[in-house]
Amino acid sequence: MADVAGAVLRIGVVGGSVAGCAMAIAGARAGAQVTVYERSDGALEDRGFGIVVPPDLHRELVAAGYLDAGMPTAPVSSRVWLTRQSGRFAARELARQEAAVTACHWGLLWRTLRAGAGAVRYHRGRPVTEVLRAPSGGAVIRTADTEEVYDIVVGADGPRSVTREAVAPGVRPVPAGYAVWRGTLPLTALDGHPHQLELLSTAWVTLGYRGGHGVFYLIPGAEPGSRLLAYAIYGSPPPASWTAARETYVRHIAEEHFPADWAGLVGRGEHTSLAYHHVADFHAPQVADPPFLLAGDAASITRPHTASGATKALQDALCLERVLRGAPSPADALRGYAAERSPEGARLVALGRRLGRAMVERTPDWTAMGAAEVAAWSRAALDGADSYLYGEAEG
Ligand SMILES: Cc1cc2nc3c(=O)[nH]c(=O)nc-3n(C[C@H](O)[C@H](O)[C@H](O)COP(=O)(O)OP(=O)(O)OC[C@H]3O[C@@H](n4cnc5c(N)ncnc54)[C@H](O)[C@@H]3O)c2cc1C
């Protein structure tokens, strides 16, 4: 696409993480000249956590050329629901669902997208201080020592986006009141646990307890062919009396509530990464106001129970490419983008809140549930919404 005067369209992208790189690929594929500004001069690939995406989205991104088919993934086809048996320290399987996911290493996903955006100008260590409308049309991106005008400015600058102020001023993340611990462990953590290893080779595991749940799955490691064990555990933040590092409180949760085998994994010291976050969410009512548009976590954050933040960012990019190719002008393209992506952000935030209520704030008595109860409870929590994480019960 060209700008209104017929010159090559210029797109500036604020933020060079998953959303920023995917949006840069989208712009470049639609024929624009793209420049990315990334605040960090460190290695984004070192974030090291696991994420899952829908298998059909992964296939679409490979077919469309956004992702290299050689990027390691760890696909599994099922979801297994476990809880600790009442009065015992052993796990009980409640249900199995067909809920295929393609598990990825966040850092490898970023690296692949960054390589895919290879032809665009990517400025590392360049924080954007301000974005504003240019009097002559288009928008200005300001850094400490540069000022450039673009036809379109994409805000892919995460939860505390400076770009969002130009599109949806005053919209801020709303705390959910609970926390998540994310960790990764070398696969040797499963040495001597053949049953868990076998389970995780074909399924991802949800472990329910009163007051929260944990999710466990294998992801590719940085070394070719290797795997890591990844988890995300949700629950109440540490009490004021907890004087050790907040990250370590997850071990207390696991010891209190998990079956012994699973608590043992969380309790192991050899984590390759461990982080603590407060869960929060928000969505911008409109994700574009020409010449600005928002993508990824800058536009909306859903509670991670939907496993849809990076997924949405990648879908945002596919949408941007489509509207840039199909619309008569950049402003029309951005209006088309807003019409499609604004409701999706709102939908995911609403779904994340329902799942958060069901899985953390008002957990059921997992010990009394079986496959039929999990199916009925899942249907009630989804309330008609679509989620790739919830499938049909297996045999
Ligand atoms: C516990 C947990 C589990 C999750 N699991 C999943 C999952 O399974 N599946 C899934 O799809 N999603 C998942 N997510 C969500 C996913 O990780 C995020 O949605 C995604 O990584 C967001 O990418 P982003 O590029 O929008 O934002 P970010 O990764 O936050 O990137 C924003 C970038 O902008 C840069 N930046 C910020 N301000 C400026 C500035 N002023 N100038 C220049 N650069 C700037 C930052 O340095 C950063 O690199 C999970 C999230 C959590 C917390």
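Predicted model: local features only at pLDDT ≥ 70, side-chain atom pairs only at ≥ 80, totals over all residues.
**The ligand**

The shell around the ligand holds 31 residues, and Ser17, Glu38, Val52, Asp297 and Thr311 come nearest. Sorted by class, the shell has 17 nonpolar, 7 polar and 7 charged residues. Nitrogen atoms of the ligand also lie within reach of polar backbone atoms, as the table lists.

| Residue with the polar backbone atom | Distance to a nitrogen atom of the ligand |
|---|---|
| Arg39 | 3.0 Å |
| Val128 | 2.8 Å |
| Ala307 | 3.3 Å |

On its own, the ligand has 1000 Å² of accessible area, and the protein covers 89% of this area. The largest share, 3 residues, comes from H8.

**His305**

The loop between strand E18 (300–301) and H8 contains His305. Is this residue buried or exposed? His305 counts as buried because its relative accessibility is 6%, and the cut-off for buried is under 20%.

The side chain of His305 makes a polar contact of 2.7 Å with the side chain of Tyr178. Tyr178 is also one of the residues in contact with His305 once neighbours within four places in sequence are left aside.

Notes. Residues numbered from 1 in each chain as written. Heavy atoms only, no water. Near = heavy atom within 4 Å. Polar contact = N/O pair within 3.5 Å; in protein donor to acceptor, adjacent residues only side chain to side chain. Areas by Shrake-Rupley, 256 points an atom, 1.4 Å probe, with all protein chains shown as cover. Helix = DSSP H or I, 4+ residues; strand = E, 2+ residues; numbered from the N terminus. Nonpolar A, V, L, I, M, F, W, Y, C, P; charged D, E, K, R; others polar. Buried < 20%, exposed > 50% of the residue type's maximum accessible area, 1.4 Å probe, protein only. Contact = heavy atoms within 4.5 Å.
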